[in-house]
Amino acid sequence: MAIGMHAATAEVIAYDDATKPIKIVYDTWTPRPHFIIVQREQKKDATDTELQATFEIVGQFLSENRQFVDQAILSFHRGSWYQENTSKWHAHICVPLAPYLQQARNQIRNIPNNRQWQGAQSAEQGITNLHKKNMRKYQNYKNDCIQKPIPNSTPVESIALSRFNPNTNEFRLVWLASTPRIGVVAQAPAQTKLASLYRFMSDTRVAMERALSQVDPSFGNFGCHFCLYVRDQTDTFTTCRPDQILTANGEISVDPNIVGYIQMDENQYAQWLPSNVRQKWLGEFSRAEHFVRT
């Protein structure tokens with residue numbers, strides 16, 4: 001995953017606030033445009049205090065690095081997509097490639113000697129090479145999803161997405177139109193905290209895994225990314241970005257209050273979609289550039 005064994009890779013600080021139990025470092029384990037949030041005293045899980053500090057330090061960091069603001073995403077890997085190469089808790093700040101590359105080429109001087117960097121001689125070479133490799137990889141994933149035969153009726157299709165909408169009316173879930181992502185809509189985003197969004201995503205993943213795996217074992221240890229939109233801010237309220245969603249009758253509309261999404265496996269997403277909107281989504285997906293930044 002993103003953060004490596006510190007015995008093998010040198011830590012490069014991107015942002016540090018001595019008052020906080022966490023800090024932000026460059027992703028020196030994998031050459032991609034991610035900053036990684038790590039604990040000062042690393043362990044398997046994060047406390048509520050460390051999570052709150054994470055939401056606070058992201059806003060501080062982006063206030064001093066405004067070149068990343070418009071597309072910054074705070075990402076937490078979960079299920080089978082988490083802690084594959086490290087047992088330590090961490091989170092990702094995913095940012096656009098070009099400004100990260102401009103900054104990283106001056107900061108990452110000692111290039112790690114591991115399979116992720118593949119013998120690169122500079123940060124720029126390593127990051128560029130991996131980006132091209134990932135472009136091909138996700139194109140292959142997309143093609144596999146489009147070409148894979150899907151039965152007219154799938155076991156998980158019977159589990160409605162609305163089943164996981166909370167009773168508090170704080171959030172609701174929607175199918176995004178051209179990506180394998182479940183969008184999260186905040187009913188009152190200006191009054192909704194990132195901590196609340198994270199808790200909702202976390203509780204939702206657990207409930208989804210429980211329900212889905214009962215009818216399809218492949219959804220066990222449900223792998224996904226929690227992706228929270230973030231910005232430069234002194235508070236920790238959610239950030240809205242508009243996105244296209246699929247309505248129940250298969251139409252596409254734009255919702256302005258998307259505050260984040262749950263990134264899923266392409267084939268699992270296609271199987272979970274209701275059959276009456278599945279072909280519409282596959283058509284939109286086939287025309288979109290599929291690249292998982294988080």
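Across the interface of domain 1 and domain 2, the rule finds seven residue pairs in polar contact, both residues at pLDDT 80 or more; a polar contact is a pair of N or O atoms within 3.5 Å, where within protein one must be able to donate a hydrogen and the other to accept it, and residues adjacent in sequence count only if both atoms are side-chain atoms. The model is predicted: local features need pLDDT of at least 70, side-chain atom pairs count only at pLDDT 80 or more, and totals for chains, interfaces and linings use all residues. Residues are numbered from 1 along each chain as its sequence is written, and side-chain values use heavy atoms, with hydrogens and water left out.

**The two domains**

Colour residues 13–143 as domain 1 and residues 153–222 + 232–287 as domain 2; these bounds come from an automatic or database domain assignment. Their C-alpha centres lie 24 Å apart.

**The interface**

Select the 22 residues of domain 1 that are in contact with 17 residues of domain 2, contact meaning heavy atoms within 4.5 Å. The area buried between the domains is about 1600 Å², with carbon and sulfur atoms giving 57%; buried area is the accessible area (1.4 Å probe) that two parts lose on being put together, summed over both. On the domain 1 side, show Phe55, Trp81 and Lys142, which lose the most area to domain 2, together 34% of what that side buries.

Next, select Arg66 and Asp232, which form a salt bridge with their closest N and O atoms 1.9 Å apart.

Helix H1 (48–64), strand S4 (73–78) and helix H3 (123–147) each supply at least two residues of the domain 1 side that touches domain 2. Helices (H or I, at least four residues) and strands (E, at least two) are DSSP runs, numbered from the N terminus. H1 gives the most to that side, with eight residues.

**Ile108**

Move to the loop between helix H2 (97–107) and H3, where Ile108 is found. Ile108 counts as buried because its relative accessibility is 3%; buried means under 20% relative accessible area, exposed over 50%, partly exposed in between (1.4 Å probe, protein chains only). Not counting residues up to four places away in sequence, Ile108 touches Tyr26, Thr28, Tyr100, Trp117 and Ala123.

**Helix H6**

Finally, select helix H6 (residues 275–287), whose buried residues include Trp281 and Phe285. The buried residues of H6 pack against H3, strand S6 (171–176), strand S9 (241–246), strand S10 (252–263) and helix H5 (266–272).

Conventions:
A salt bridge is a side-chain nitrogen of Lys or Arg within 4 Å of a carboxyl oxygen of Asp or Glu.
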